[in-house]
Amino acid sequence: MQIRSILTVLDKPKHKQTAFEAAQQLQEQTGANLDLVAFRFNSLYDHDGALDKEQRRQLRHKVVADSRAWMKELAADSTVPEKTKMRTIWTNDIADWLADEVIERPVDLVVKSIHGSKTFTYTPTDWQILRTCNVPVLLKSTQRRRKPGNVVLVGLDFTRADAKRRKLNQKAMDAAKCMAALTGAKVHGVFALEISEVLRDLDIIDKKVTRKSILGRVMPDVEQFLAANEMPKSRMHFPVGKAGRVINSLAHDLNADLLVLGTGIHRVRQAIGLGSTAERVLPRAYRDVLVVHP
């Protein structure tokens, strides 16, 4: 993973510009080109009965002009390079615009902030971006955290040894190593062993025996992967339980600064709401998350 071009979704002016600050730092570390995008729309624009054609034109012009003036002030108060691109996009479908934009232009990373309280608060737009944007998306937390842990935790999946899953594991690892190199952090890996709690509670299966059986089956693939990525086995973790809970619990225990997750193998399943491991982990996350696709 190389970061040469960063598209940043700016927060609304009333919010702290968390995504912008993160993009600035990444630009300083990598020398990447910055593309700052502010999305604006007013629902009155679509109501023919409320405003006539000329009034709607004036409304759009006013909103866009104000946004551009604000962006210039934002850039002037920062250290972004003069060549930084700044755009105001008039649309109420951010996810669709981003999906098209990353196909038409060279974009290596999309940066967006997530607002929440104890956990991220994901909107339908956020979920749609994660499902349709085919470049890595860095979701920045707006919450203050304790002292940085200098750890990047990457979620891996060895349940099957098919080519798509191996490719996604490698892309997630490459992204984790790239981000860790910027700060000198250590990369840790996690593979959640999801054992049926119902069967365990009914004593149909034994947790320890089942864990040993799963690890015995996947360990050759795990060891090969770790060797190829020069990561010691001591930094690979195998917690037992639901992925959303145990991965976030491990991230907390390690005080991970960033959680890297792969998603998007089962696009059909996602479309009908079945989701992915990443989408089970995200609602519980309260740290920065980087999501990559195959």
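The model is a predicted one.

- Val 190 is the residue standing opposite His 237 in S8.

**Helix H2**
- H2 covers residues 53-76, which makes 24 residues.
- From first C-alpha to last, H2 reaches 35 Å, close to the expected 34 Å.
- At the start of the helix, Asp 52 puts a side-chain oxygen within 3.2 Å of the backbone nitrogen of Glu 54.
- Glu 54 also forms a salt bridge with Arg 57, with the closest N and O atoms 2.7 Å apart.
- Those two both sit in H2, three residues apart, or about one turn of the helix.
- Both partners are partly exposed: Arg 57 has a relative accessible area of 47%, and Glu 54 has 39%.
- The buried residues of H2 include Arg 56, Leu 59, Val 63, Trp 70 and Met 71.
- Among the elements covering those buried residues are helix H1 (18-30), strand S2 (33-40) and strand S3 (85-90).

**Arg 87 and its surroundings**
- Arg 87 lies in strand S3 and is buried, at 15% relative accessible area.
- Arg 87 and Ala 38 are 49 residues apart in sequence, yet their C-alphas are 6.3 Å apart in space.
- Beyond its sequence neighbours, Arg 87 is in contact with residues including Leu 7, Asp 35, Met 71 and Trp 97.
- Its side chain makes a polar contact with the side chain of Glu 101, at 3.0 Å.

**Salt bridges elsewhere**
- Asp 162 forms a salt bridge with Arg 165, the closest N and O atoms being 3.4 Å apart.
- Asp 162 is partly exposed at 29%, while Arg 165 counts as buried at 7%.
- Salt bridges with shared partners also link Asp 35, Arg 87, Glu 101 and Arg 105 into one network.
- Asp 288 and Lys 140 meet side chain to side chain in a salt bridge, 2.5 Å from N to O.
- Asp 288 is in strand S10 and Lys 140 in strand S5, so this pair ties together parts that are 148 residues apart in sequence.
- Both ends of that pair are buried, with Asp 288 at 14% and Lys 140 at 16%.

**A buried arginine without a salt bridge**
- Arg 287 is in the loop between helix H10 (277-281) and strand S10 (288-292).
- Arg 287 is buried but has no salt bridge; Asp 257, the nearest side chain of opposite charge, is 6.7 Å away.
- What the Arg 287 side chain does reach is the backbone oxygen of Ala 256, at 2.5 Å.

- Asn 150 has a positive phi of about 55 degrees although it is not a glycine.
- Asn 150 sits in the loop between strands S5 (137-141) and S6 (151-155), and is partly exposed at 42%.
- Glu 230, also not a glycine, has a positive phi of about 55 degrees.
- Glu 230 is in the loop between helix H7 (207-228) and strand S8 (236-237), and is exposed at 74%.

How values were computed: Residues numbered from 1 in each chain as written. Predicted model: local features only at pLDDT ≥ 70, side-chain atom pairs only at ≥ 80, totals over all residues. Heavy atoms only, no water. Helix = DSSP H or I, 4+ residues; strand = E, 2+ residues; numbered from the N terminus. Buried < 20%, exposed > 50% of the residue type's maximum accessible area, 1.4 Å probe, protein only. Lys, Arg positive; Asp, Glu negative; His and termini not counted. Salt bridge = Lys/Arg side-chain N within 4 Å of Asp/Glu carboxyl O. Polar contact = N/O pair within 3.5 Å; in protein donor to acceptor, adjacent residues only side chain to side chain. Expected span 1.5 Å × (residues − 1). Contact = heavy atoms within 4.5 Å. Pairing = 2+ DSSP bridges. Lists of a residue's contacts leave out its neighbours within four places in sequence.
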